[in-house]
Each structure stands twice: as C-alpha cells, then as structure tokens.
Amino acid sequence: MSYEYGSAVVDFLEGNFSEAAKMFLEGAREGDILASFNYAYCLWRGIGVKKNVREAKSFFAFSLISFPSASASSAFFISAKGFALILP
C-alpha cells in the first residue's frame with residue numbers, strides 16, 4: 001500500500017474508516033504530520049481502529065512537535081472530554 005493523503009481523506013469521508021486509519025498510520029510512520037494528527041484522532045475516538053487514548057496522545061504529540069510553526073505561542077490541550085490544537 002502506498003500512502004496518499006488525499007486517498008486517505010476520501011476513504012474517511014466516504015465512511016471507509018478502517019482503510020483510512022491504515023493509510024493515516026502508514027503516512028504517520030513516514031513522518032507525515034497531518035496523517036499523524038488524523039491517525040491520532042481515529043485512535044482517540046475509536047474510528048476505524050480500536051480506541052486507544054494513550055497511543056493517540058503519542059501521535060498528537062508528534063504532530064505538535066513536528067509542526068513547523070509549533071512554538072510557545074501554540075497550545076495543545078488534551079482532556080478527558082477531548083482535545084484542541086490551537087495554532088497562531
């Protein structure tokens with residue numbers, strides 16, 4: 001399987017969550033920040049994969065530290081009720 005962000009998003013939007021999650025994971029393993037964030041979201045909510053909040057936090061953290069403009073002015077919050085990524 002070759003990772004293509006657009007294909008993964010289309011799969012997700014069409015309800016092919018398992019396939020989208022697989023592709024997001026592949027992209028995350030290749031270092032793609034958006035794929036990592038989207039895979040984290042899938043893990044966080046249990047969409048297309050088994051819910052795993054601990055693993056989701058790792059992928060969210062990778063996305064944050066890898067984002068080019070991530071800095072002290074960026075905020076990333078994870079709580080029991082959800083998450084928010086706020087960029088300047």
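These questions and answers concern a predicted model.

Reader: In what pattern do the helices and strands follow one another along the sequence?
Author: The predicted model holds four helices and two strands. Read along the sequence, their pattern is α-α-α-α-β-β.

Reader: What percentage of the residues count as buried?
Author: The protein exposes about 5400 Å², and carbon and sulfur atoms supply 57% of that area. The protein has 88 residues, and the part of them that counts as buried is 30%.

Reader: Which residues have the most contacts inside the largest nonpolar core?
Author: The largest nonpolar core has 17 residues. Helices α2 (17–29), α3 (33–45) and α4 (53–66) each supply at least two residues of this core. Those with the most contacts inside the core are F24, Y39 and F59.

Reader: Is F59 buried or exposed?
Author: Leaving aside neighbours within four places in sequence, F59 is in contact with L25, A28, S36, Y39, A40 and L43. The relative accessible area of F59 is 17%. Buried means under 20%, so F59 is buried.

Reader: How far apart are the end C-alpha atoms of α3, and what span should its 13 residues have?
Author: At 1.5 Å a residue, with one less than the number of residues counted, the 13 residues of α3 should span 18 Å. The end C-alpha atoms agree with this, as they are also 18 Å apart.

Reader: Which residue has a side-chain oxygen that reaches a backbone nitrogen at the start of α3?
Author: The backbone nitrogen belongs to L34. A side-chain oxygen comes to within 3.0 Å of that nitrogen, and the residue supplying the oxygen is D32.

Reader: Which residue follows α3 and has a positive phi?
Author: The buried residues of α3 include A35, N38, C42 and W44. After the helix comes a residue whose phi is positive, near 70 degrees; this residue is G46.

Reader: How many aromatic pairs does a search of the whole structure find, and how are F37 and F60 arranged?
Author: The search finds five aromatic pairs. The rings of F37 and F60 are 5.1 Å apart, centre to centre, with 65 degrees between the planes. Planes over 60 degrees apart count as edge-to-face, so the F37 and F60 pair is edge-to-face.

Reader: Which helices does the pair of F37 and F60 link?
Author: F60 counts as buried, at 0% relative accessibility. F37 and F60 are 23 residues apart, and their pair links distant parts of the chain. The helices are α3 for F37 and α4 for F60.

Reader: How many residues apart in sequence are the parts that the pair of Y39 and F59 ties together?
Author: Y39 is buried, with a relative accessible area of 7%. Y39 and F59 form an edge-to-face pair, 4.9 Å centre to centre and 80 degrees between the planes. Y39 lies in helix α3 and F59 in helix α4, so the pair ties together parts whose separation in sequence is 20 residues.

Reader: Which residues do ring pairs link into a cluster?
Author: Among the residues with the most contacts inside the largest nonpolar core is F24. Ring pairs also link F24 into a cluster, whose residues are F12, F17 and F24.

Reader: How far apart in space are S18 and V49?
Author: S18 has its place in helix α2 and is partly exposed, with a relative accessible area of 38%. S18 and V49 are 31 residues apart in sequence. In space, C-alpha to C-alpha, their separation is 6.3 Å.

Technical notes. Residues numbered from 1 in each chain as written. Heavy atoms only, no water. Core = buried A, V, L, I, M, F, W, Y, C linked by side-chain atoms within 4.5 Å. Buried < 20%, exposed > 50% of the residue type's maximum accessible area, 1.4 Å probe, protein only. Contact = heavy atoms within 4.5 Å. Polar contact = N/O pair within 3.5 Å; in protein donor to acceptor, adjacent residues only side chain to side chain. Phe/Tyr/Trp six-rings, centres within 6.5 Å; stacked < 30°, edge-to-face > 60°. Areas by Shrake-Rupley, 256 points an atom, 1.4 Å probe, with all protein chains shown as cover.
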